[in-house]
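Thanks, everyone, for making the time.

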Amino acid sequence: LISKYQTDKECPEDVILSKLPSSVIGALASLERYYNRLNRVFDPLYQVEIETEAIRNITVEKFRQITELNFPHDNLKKQFASAATILDMKRSSYQPSRTELKKLDRVGDEAADTLLVYVFKQPPLIVDQYLRRILYRHFIIDSPNSSRPLIEKAVNPFIKCHEDAHRLHARINEATILYCSPQNPNCTEC
């Protein structure tokens, strides 16, 4: 798919996200996160300008047609509205706080931190299940359900800037996907 986009500079209209293997979607997401646009293969995707009103006005039926995913109608409409608000913030160079992002519908702790790192280039720690699992299995925290402040205390000294937060998150994702599955982890290779 990527090589076709590179040569044709266009996106085929019949690509259905749910038909792509999860490994392909995960690999593309990890590549984009890790290389942070240093890899020019993603440039055509970044050149697509989406208008916020188009996001707010997308119908649930159109979303289902594009993705073949079936989310509850009300939740999806709220998520579209939040996505449009976030895009408006980004385009106006506004730097929201974690608290402000969490006030948006369908944005919780992990989503707010992820948005701050990847969209707004801020350095918060993204505390997700992958990070919790790795810290627990390396005896840095006592429980995979340890509190956020405890995890931040253990990891935040290593995050000095946005790039540190970005790289840590990408590397944690990569290590978890390759070695640290919920059951039967490959600790020897890790």
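This is a predicted model: local features need pLDDT of at least 70, side-chain atom pairs count only at pLDDT 80 or more; totals for chains, interfaces and linings use all residues.

The axes of H5 and H6 come within 10 Å of each other and cross at roughly 90°, where an axis is a line fitted to C-alpha atoms, for helices over the stretch in contact, and the angle runs from 0 to 180 degrees between N-to-C directions. That makes H5 roughly perpendicular to H6; on this scale angles under 35 degrees count as roughly parallel, those over 145 as roughly antiparallel, those from 65 to 115 as roughly perpendicular, and the rest as oblique. Residues are numbered from 1 along each chain as its sequence is written, and side-chain values use heavy atoms, with hydrogens and water left out. The helices (H or I, at least four residues) and strands (E, at least two) are DSSP runs, numbered from the N terminus.

Which residues in H5 and H6 meet? From H5 there are Val60, Phe63 and Arg64, and they meet His73, Leu76, Lys77 and Phe80 in H6, with contact meaning heavy atoms within 4.5 Å. The residues of this contact divide into four nonpolar, one polar and two charged, where Ala, Val, Leu, Ile, Met, Phe, Trp, Tyr, Cys and Pro count as nonpolar, Asp, Glu, Lys and Arg as charged, and the others, Gly among them, as polar.

Let me stay with the phenylalanines. The structure holds two aromatic pairs, a pair being rings of Phe, Tyr and Trp (its six-membered ring) with centres within 6.5 Å, called stacked if the planes are under 30 degrees apart, edge-to-face if over 60, and tilted for the rest. Phe63 and Phe80 form an edge-to-face pair, 5.7 Å centre to centre and with 65° between the planes. Because Phe63 lies in helix H5 and Phe80 in helix H6, that pair ties together parts that are 17 residues apart in sequence. Phe63, Phe71 and Phe80 form one aromatic cluster.

How are these rings placed relative to solvent? Phe63 is buried, with a relative accessible area of 16%, and Phe80 is buried as well, at 10%, whereas Phe71 is partly exposed, at 39%; buried means under 20% relative accessible area, exposed over 50%, and partly exposed in between, with a 1.4 Å probe and protein chains only.

In the loop between helix H5 (60–67) and helix H6 (73–91) we find Glu68, whose phi is near 60°, a positive value in a residue other than glycine. Glu68 counts as partly exposed, at 44% relative accessibility. Asn184, in the segment after H11, also has a positive phi, near 55°, and is likewise a residue other than glycine, but at 72% relative accessibility Asn184 counts as exposed.

Now to another helix contact. The axes of helix H9 (residues 129–137) and helix H11 (residues 162–178) come within 9 Å and cross at roughly 70°, which makes H9 roughly perpendicular to H11. Here Tyr130, Leu131, Arg133 and Ile134 in H9 meet Ile172, Asn173, Ala175, Thr176 and Ile177 in H11, and by class the contact has six nonpolar, two polar and one charged residues.

Cys190 is placed in the segment after H11 and, at 45% relative accessibility, counts as partly exposed. Leaving aside residues up to four places away in sequence, Cys190 touches His138 and Tyr179; Cys190 and Tyr179 are 11 residues apart in sequence and 5.8 Å apart in space, C-alpha to C-alpha.

Let me end with the chain as a whole. There are 11 helices and zero strands, and of the 190 residues, 29% count as buried. Among contacts between residues at least 6 apart in sequence, 53% join residues at least 24 apart. The accessible surface, from the Shrake-Rupley method with a 1.4 Å probe and, for residues, with only the protein chains shown counting as cover, comes to about 12,300 Å², of which 55% belongs to carbon and sulfur atoms.
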